[in-house]
Number of protein chains: 2
Amino acid sequence: MGKAAERRQNLRDALIRAAEHTISREGLAGLRARDLAKEVGCALGAIYNVFPDLDALVLAVNARTLAAFDQFLGETDLSKTGQPADLDPAVARLVRLAMAYLDFAVSYGLRWRALFEHRMAGKRQTPAWYIDAQKPLFSLVEEPLRELRPELDQEQRRMLARSSFAAVHGIVHLGLDGKLLPVEVPVLRRQIEEVVVALGLGFRSASSTPRKRPRRGRSSEGRQRK
Amino acid sequence: MGKAAERRQNLRDALIRAAEHTISREGLAGLRARDLAKEVGCALGAIYNVFPDLDALVLAVNARTLAAFDQFLGETDLSKTGQPADLDPAVARLVRLAMAYLDFAVSYGLRWRALFEHRMAGKRQTPAWYIDAQKPLFSLVEEPLRELRPELDQEQRRMLARSSFAAVHGIVHLGLDGKLLPVEVPVLRRQIEEVVVALGLGFRSASSTPRKRPRRGRSSEGRQRK
């Protein structure tokens, strides 16, 4: 790497660290280019030499949070501790992942919030690399769903993993906000377990008793074929 | 009502209408006391003669949105159209309520968002009257749960209604934001149906096959008693 490229890289890293620090203390709303420039000791314009805009900097921070989240979920997923012995293993795995999401949200606080509070300025699309960075997370949820809903094709399973994630996210989000649900983590934990166990059992029974309106035409694995 | 009281009431109503209009166009973030005073033609300080602070004004707007939502849900709940004939009626009712929530969110847009984006300034508590205003909504969700999980006591059912609501909220919220899920309403509708049907079936089967760790001590209806 040349001197100039190295300097750029160093500035980039310093800005990401500074932005991450600000987000974890003050949230996304506390992020201001002027303050960041001051903190890393560069001119305001220098930020825009290494990031096209502030959105790109936020996405770089969020990608780091996603990577931490991925590692966090993966570790929880491997540990079998606390798994209720009487529960369907695939359902128990969904519960473990949901609990890990709550734990992650509690420990990452405002950095966790920044993941879903950030919106691209104007009407710009979220870049593809960032969308790709979310994928490994969902594949963890897709695995137990493959077990619980074997008749779904890949795309249906992919969607269901996201919807299930969003459902858990809703409880964690409104719960930690103290909206509708109490903010106490143990209570929230029990509520999440209650909902995710039902969801898992329901996936299993929806799969074994197909409804009168089966989704046809898209299933490649076709257990519901008439 | 005296002349002064009537003037206060008129100013109060005008401010609520103006704030509601601003929120529905620009969202909560667009609300500024100075602009509101200008719009209704009063002095800035006059706002604080009728509302202790801007939070109180936002809560008054949100209470109107909640009332509209309550009416919206109630009407959907009564209509039986579109109810799949082969589905457990209590599960079908949960699905209808969830769909109504999506429809409400789509049609109320930023006013809907203001319901959960608003946070009280400082560490102040949400006033009790506002928390009470949310209750009728959840009683609609509690009714099918009484059917699906008859062994729960009132407090457990109350909590489960809120957790189930929060789960649907998560899908609607991340979906309409275009986060994780596609923003297209018909796709979102199918995903919500998929999740809520599973949730309902799961509640039913969790109730009929109690787990080895029953919740004891709090159940007043006690079907799971050992």
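## Across the interface

How many residue pairs are in polar contact between chain B and chain A? The count is six, taking pairs in which both residues sit at pLDDT 80 or more. Bear in mind that this is a predicted model.

Salt bridges turn up here too: the rule finds six of them across the interface of chain B and chain A. One to look at is the pairing of the B:Glu194 and A:Arg149 side chains, with 2.9 Å from N to O.

## What chain B brings

Four helices of chain B each supply at least two residues of the side that touches chain A: H5 (89–117), H6 (128–148), H7 (154–176) and H8 (185–208). If you want the top contributor, it's H8(B), which gives 14 residues to that side.

Sorted by class, the side of chain B that touches chain A has 23 nonpolar residues, along with 16 charged and 10 polar ones.

In contact terms, 49 residues of chain B pair up against 49 residues of chain A. Together the two chains bury about 4,200 Å² between them, and carbon and sulfur atoms give 58% of that area.

## How the copies are related

## Salt bridges in the whole structure

Over all chains, the structure holds 30 salt bridges. Among them is one within chain A, where A:Arg113 and A:Asp177 bring their closest N and O atoms to 2.7 Å apart.

The model scores ipTM 0.84 and pTM 0.85. For chain A the average pLDDT is 86, and 87% of the residues score at least 70.

There's one stretch to flag: residues 212–226 of chain A have a pLDDT below 50. Beyond near neighbours in sequence, that stretch still has 32 contacts in the model. Where pLDDT is low, the predicted coordinates should not be read in detail.

Definitions and conventions
Residues numbered from 1 in each chain as written. Chains lettered and ligands numbered in written order. Heavy atoms only, no water. pLDDT = per-residue confidence, 0-100. Contact = heavy atoms within 4.5 Å. Buried area = accessible area lost by both parts, 1.4 Å probe. Salt bridge = Lys/Arg side-chain N within 4 Å of Asp/Glu carboxyl O. Polar contact = N/O pair within 3.5 Å; in protein donor to acceptor, adjacent residues only side chain to side chain. Nonpolar A, V, L, I, M, F, W, Y, C, P; charged D, E, K, R; others polar.
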